Amino acid sequence: MIEHFTDAFVLDLEDAGELDGLVYLYTKELGKVVARAKSIKKITSKLAGHLQPLNIARVRLVEKRNFQIVDALALNKLKPTSEALEFFHFLKDMTFELQTDKGLWMTVRKAFQDFKSGNKISYRPILKVLGFDPDFADCSSCGNKKVIYFYKEDQLFFCQKCGFKIPKNGVILIT
């Protein structure tokens, strides 16, 4: 049994049984982690308020076969907006479990601060760190060098003209 104590962004929370939940975290030391939170849906749960999506929390994880959250303390919270939720879901979908990336951690931390101060965030730095640099991308339909959309399902870039031809679900605007 290994114990980890780290800061983490709470990306998402899903049901796992009647009282438990699966919490998606992006941690500083471990990268993306999916951890079980026992009895998080109980009204008396001490973890429930700290492990809400859009929080940054200090968590204690115990690793046996899987991860389990033992303790959590929310350090900072974002006001729930559709843009912030979309950003955290994008991060959840575009990262792999247990792949640490300090550059990505710092970029996400900067985006969190931008959200906190009310600034509009740009996906460009996140895409660069993930290896999808829009500066070197071409439109997947017509080859135009000026791309402004990224389709995460197929990991393709599109220009303004061709962006209207693709489904809007899963498309982000690069600014």
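Cys 142 counts as partly exposed, because its relative accessibility is 41%. The model is predicted, so local features need pLDDT of at least 70 and side-chain atom pairs count only at pLDDT 80 or more, while totals for chains, interfaces and linings use all residues. Residues are numbered from 1 along each chain as its sequence is written, and side-chain values use heavy atoms, with hydrogens and water left out.

The cysteines were examined for covalent links. A disulfide is a covalent bond between the sulfur atoms of two cysteines. The criterion applied is a pair of cysteine sulfur atoms within 2.5 Å. Zero disulfides are found in a search of the whole structure. For Cys 142, the closest cysteine sulfur belongs to Cys 159 and lies 3.6 Å away, which is too far for a bond. Cys 159 is likewise in no disulfide. Its nearest cysteine sulfur is that of Cys 162, at 3.6 Å. Cys 159 counts as buried, because its relative accessibility is 2%.

Helices (H or I, at least four residues) and strands (E, at least two) are DSSP runs, numbered from the N terminus. Strands count as paired if DSSP finds at least two bridges between them. The sheet has three strands, in the order E7-E6-E8, with antiparallel pairing. Neighbouring strands are turned by 35° against each other on average, direction ignored. This angle lies between axes fitted as lines to C-alpha atoms (for helices, over the stretch in contact); angles run from 0 to 180 degrees between N-to-C directions. Strand E6 covers residues 147-151 and is joined to E8 by three bridges. Tyr 149 has Leu 173, in E8, as its bridge partner.

Lys 152 lies in the loop between E6 and E7. Is Lys 152 buried or exposed? Lys 152 counts as buried, because its relative accessibility is 15%. Contacts were taken as heavy atoms within 4.5 Å. Setting aside neighbours within four places in sequence, Lys 152 is in contact with His 89, Phe 90, Asp 93, Met 94 and Gly 170. Phe 90 is 62 residues from Lys 152 in sequence, yet their C-alpha atoms are 8.0 Å apart in space. The side chains of Lys 152 and Asp 93 make a polar contact at 2.7 Å. A polar contact is a pair of N or O atoms within 3.5 Å; within protein, one must be able to donate a hydrogen and the other to accept it, and residues adjacent in sequence count only if both atoms are side-chain atoms.

Side chains of opposite charge can pair when their charged atoms come close. A salt bridge is a side-chain nitrogen of Lys or Arg within 4 Å of a carboxyl oxygen of Asp or Glu. The structure holds 14 of them. Asp 93 and Lys 152 form one, at 2.7 Å from N to O. This pair links distant parts of the chain, with Asp 93 in helix H1 and Lys 152 in the E6-E7 loop, 59 residues apart. Asp 93 is partly exposed, because its relative accessible area is 45%.

Helix H1 (residues 82-94) also holds Lys 92. Lys 92 counts as buried, because its relative accessibility is 12%. Not counting residues up to four places away in sequence, Lys 92 touches Leu 11, Asp 12, Glu 14, Tyr 24 and Lys 32.

A further salt bridge joins Lys 41 and Asp 15, at 3.5 Å from N to O. Lys 41 sits in the loop between strands E3 (31-37) and E4 (55-63), and Asp 15 in strand E1 (residues 2-16), 26 residues apart. Lys 41 is partly exposed, because its relative accessibility is 36%. Asp 15 is exposed, because its relative accessible area is 60%.

Arg 124 forms a salt bridge with Asp 135, the closest N and O atoms being 2.8 Å apart. Arg 124 lies in helix H3 (residues 124-130), and Asp 135 in the loop between H3 and E6, eleven residues apart. Arg 124 is partly exposed, because its relative accessible area is 22%. Asp 135 counts as partly exposed, because its relative accessibility is 46%. Finally, a network of salt bridges links Glu 3, Lys 46, Arg 60 and Asp 71.

Note on methods
Buried < 20%, exposed > 50% of the residue type's maximum accessible area, 1.4 Å probe, protein only.
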